[in-house]
Amino acid sequence: MSKWQELESKYFMHTVNRVPVTLVKGEGARVWDDNGREYLDFVAGWAVNSLGHCHPVVAEALAEQAHTLIQVSNQFYTIPQLQLAEILVQHSCLDKVFISNSGAEANEGAVKLARRYGKHHLKGAYEVISAIGSFHGRTLGMVAASGQVKHQEPYLPLPIGFVNVEYNSVAAIKSATTDKTCAVILEPLQGEGGVNLPDDDYLKEVKEWCEQKGILLILDEIQTGVGRLGTLFAYEQYGVEPDIMTLAKGLGSGVPIGTIMVKDSANVFAPGEHGSTYGGNPLVCAAAYATLKYIIDNNVVDNVRKVGRYFTGRLEELKNKYSFITDVRGRGLLLAIEFDHEIAADVLNSCLENGLLVNRVKPNALRFMPPLIIGNGEVDEAINILDKVLAAV
Ligand code: PLP
């Protein structure tokens, strides 16, 4: 056990089973451990480091802002926050922005907003329908929203007001809708649940249903947003416009940030009804603004589409070669391969030994979510390592 692993087991709450590596440095799609060992990073902080590690544009924005103004309360106007709000609104179908510190907190705010909407427009309706297999965060409210028994069971009883229904079934949403329903919350594609894609019409039909019933559609784009699927936001690929959208992860390229975005028609918060001490502070907003501006100015989404297609093709080659790979799925640079038995942990460990970081999204599936700026060369490198590892399985 290394000195750092000893410190962790002595002082840190054991809420995660860590990979036995202490990372000390990152650059682009690569990270280094405390022994100087290099790894190709196809986890990217769980789909966070959109521009890779320590991209100069982000590092410089952070350094400059750190020397200028880090944090004041939201009683004051601050410039990076407003620049970020402007660029987000100008490039999306939403009209207004609130900035939080994380994804779960953004979703909590989105549900609060939907409940306020319910009070204003739906005779006090407060219930939110979500999908089984979804993941919306770790707060108690979001544990109730996330349709995963393993996250819910340890914390029963859960807060009321959430109904989990079968994923990818419009009928399930329809039959769960009552006069208490104020919103439906969905990930456009389930990330943590295993990179589960819906049928092409699912979101469109859910949106039509929401419109018919006068309830809100909240899209949780915390994992899919900011270019990850090959468009700036995933909703663009499914032909729907959400009433509320949440972002986090890739938005800040590593700094803790989340956003609630809303259409004017659902923007019912009044002063004092929601807030945050740190949310939207100049430091994180400078990093997020630099990230988003870089992604837009450099058409990074085009790279995601091209490299994503190439990566998918190379994974398909592996599937043709190894009969125990049963599926290759995903969009853009959020991809997964599934095995016919539970070998993901072993494959992950062998990848690690060979200098590649990947994520085990299910006991029988690996997820890949590399930085959005990688090229085909890095894909080839990852595929060569995977090929070598899988050959030995
Ligand atoms: N929503 C989705 C779709 C996520 O993938 C995640 C995190 O994995 C969250 C919400 C929670 O975000 P955070 O960990 O920043 O609270």
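This is a predicted model: local features need pLDDT of at least 70, side-chain atom pairs count only at pLDDT 80 or more; totals for chains, interfaces and linings use all residues.
1. Start with a proline. Pro 157 sits in the loop that runs between helix H7 (149-152) and strand E6 (162-165). The peptide bond joining Leu 156 to Pro 157 is cis, with omega at about 0°.

2. Lys 123 is placed in the loop between helix H5 (103-121) and strand E5 (127-131).

3. Now the overall layout. The protein divides into domain 1 (3-55 + 299-392) and domain 2 (69-297). Over C-alpha atoms, the centres of the two domains are 26 Å apart. Domain 1 puts 29 residues into the contact, and domain 2 puts in 28 residues.

4. How much area do domain 1 and domain 2 bury between them? The figure is about 2300 Å². Carbon and sulfur atoms carry 55% of it.

5. Next, the polar side of the domain interface. Between domain 1 and domain 2 there are 15 residue pairs in polar contact, counting pairs with both residues at pLDDT 80 or more. Two salt bridges are found across this interface. Arg 331 and Asp 200 also meet through their side chains in a salt bridge, at 3.8 Å from N to O. The cut-off for a salt bridge is 4 Å, and the Arg 331 to Asp 200 distance is 3.8 Å.

6. Which elements build the side of domain 1 that touches domain 2? Helix H2 (44-47), helix H12 (300-321), strand E11 (325-331), strand E12 (334-339) and strand E14 (359-362) each give at least two residues. H12 has the largest share, with four residues. By residue class, this side of domain 1 holds 17 nonpolar, seven polar and five charged residues.

7. Then the ligand. There are 13 residues around it, and those that come nearest are Gly 103, Ala 104, Asp 220, Gln 223 and Lys 249. A backbone N or O atom of Gly 103 is 2.8 Å from a ligand oxygen. A polar backbone atom of Ala 104 lies 2.8 Å from an oxygen atom of the ligand. Lys 249 uses its side chain: an N or O atom there is 3.0 Å from a ligand oxygen.

8. Last, salt bridges over the whole structure. The search finds 19 of them. One pairs Asp 264 with Lys 96, with the closest N and O atoms 2.9 Å apart. Asp 264 lies in the loop between strand E10 (258-262) and helix H11 (282-297), and Lys 96 in strand E4 (residues 96-100), so this pair ties together parts 168 residues apart in sequence. Side chains of opposite charge can pair when their charged atoms come close.

How values were computed. Residues are numbered from 1 along each chain as its sequence is written. Side-chain values use heavy atoms; hydrogens and water are left out. Domain bounds come from an automatic or database domain assignment. Contact means heavy atoms within 4.5 Å. Buried area is the accessible area (1.4 Å probe) that two parts lose on being put together, summed over both. A polar contact is a pair of N or O atoms within 3.5 Å; within protein, one must be able to donate a hydrogen and the other to accept it, and residues adjacent in sequence count only if both atoms are side-chain atoms. Ala, Val, Leu, Ile, Met, Phe, Trp, Tyr, Cys and Pro count as nonpolar, Asp, Glu, Lys and Arg as charged, and the others, Gly among them, as polar. A residue is near a molecule or strand if one of its heavy atoms lies within 4 Å of it.
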